[in-house]
Structures are given as structure tokens and as C-alpha cells.
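Hello,

Here is the structure for your files. My notes follow below it.

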Amino acid sequence: QLGLVHPQLSFDPQHLQTARGLVTVDLRGLNTGIALRDMHARTFIGAKAHPSATFTFASLSGASSIRPGQTVRAVAAGQLTLNGVTVPLQAPITLTYPQGGSAITVKTAFNVTFKDHHISIPGADPQTDVRVEFRLPVHP
């Protein structure tokens with residue numbers, strides 16, 4: 001589990017293709033459930049020098065709108081910066097807008113290849129699964 005997620009997005013539920021913004025994750029709060037592993041992971045991913053990972057969200061494809069009571073799937077494209085290294089990223093996302101709700105839940109899961117971000121973790125898999133979830137308030 002990653003630390004605190006801070007989305008700063010502009011979006012219109014009726015025109016999702018116009019969505020843009022930035023999602024920042026505070027890596028200092030990285031929590032895998034094991035304290036020693038958390039400390040080692042933060043060290044290897046460079047959290048001291050680069051305490052945040054960011055995704056600069058440039059475009060959304062696969063869904064044009066979402067209405068209350070719907071769940072839609074789309075692909076978010078942009079740039080992921082981790083350990084001070086920026087690489088292109090396309091990630092599948094699921095948007096859920098509950099009936100009568102005041103926020104849309106955004107969920108994504110994607111792989112990060114450590115080598116692409118100049119990260120080397122002895123004995124670890126060369127990539128890791130990342131899962132991120134956050135809520136976006138809807139303003140009528």
C-alpha cells in the first residue's frame with residue numbers, strides 16, 4: 001500500500017476526455033504491512049531524495065462520460081516520475097460514480113519496472129504491482 005494520494009485533477013463527468021491533472025503519492029508513507037520491509041523499500045526507491053511519486057495525467061481514452069449509478073473503464077495516459085526519473089505510462093482505470101453520490105472513486109493497477117526508474121533492489125522482482133485508489137468530489 002502506498003502512502004497518501006493527492007489528486008489535483010480538473011474533470012467534467014460529462015466530458016471525461018477533457019480531464020487533466022496531477023496525482024502525487026507521498027512515498028514516505030509507504031506501507032507494505034511489515035515495518036522493516038517498508039524501511040528497506042523506501043530506501044531503495046529513493047524516498048529520502050525524492051519523497052513523492054507523481055503521475056502527470058495528460059489524456060483519457062475509452063470513456064467519454066460517466067453518470068450517477070455507472071462504472072466505466074478507461075485508459076489514463078501520461079508521465080510517471082519515480083526516483084527523479086520520468087517515463088511514459090498508460091494505466092487502466094475504473095471510475096465508479098454511485099447513485100446519489102458526491103464523489104467518483106478512481107481505481108488503477110499497473111506495473112512499474114524498477115530499472116526504468118534507475119532503481120535496483122537486490123533479490124526483488126524487477127517490477128512491482130502498484131494499486132492506487134482515490135475519490136474525486138463532483139461539483140454540480
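Rings of Phe, Tyr and Trp (its six-membered ring) pair if their centres lie within 6.5 Å; planes under 30 degrees apart count as stacked, over 60 as edge-to-face and the rest as tilted. Searching the whole structure gives one aromatic pair. Phe55 and Phe57 have ring centres 6.3 Å apart and planes at 40°, so this pair is tilted. Phe55 and Phe57 are both buried (under 20% relative accessible area; exposed is over 50%, partly exposed in between; 1.4 Å probe, protein chains only).

The model is predicted: local features need pLDDT of at least 70, side-chain atom pairs count only at pLDDT 80 or more, and totals for chains, interfaces and linings use all residues. Residues are numbered from 1 along each chain as its sequence is written, and side-chain values use heavy atoms, with hydrogens and water left out.

Next, Thr108. Thr108 sits in strand S6 (residues 103–113); strands (E, at least two residues) are DSSP runs, numbered from the N terminus. Its relative accessible area is 15%, so Thr108 is buried. A polar atom of the Thr108 side chain lies 2.7 Å from the backbone oxygen of Pro92. Beyond neighbours within four places in sequence, Thr108 is in contact (heavy atoms within 4.5 Å) with Ala91, Pro92, Ile93, Val130, Arg131 and Val132.

Two loop residues are also worth a look. Asn83 has phi near 60°, positive in a residue other than glycine. Asn83 lies in the loop between strands S4 (70–82) and S5 (85–97). Its relative accessibility is 17%, so Asn83 is buried. His118 also has a positive phi near 60°. His118 is in the loop between S6 and strand S7 (127–137). At 62% relative accessibility, His118 is exposed.

Best wishes

Note on methods: Helix = DSSP H or I, 4+ residues; strand = E, 2+ residues; numbered from the N terminus. Polar contact = N/O pair within 3.5 Å; in protein donor to acceptor, adjacent residues only side chain to side chain.
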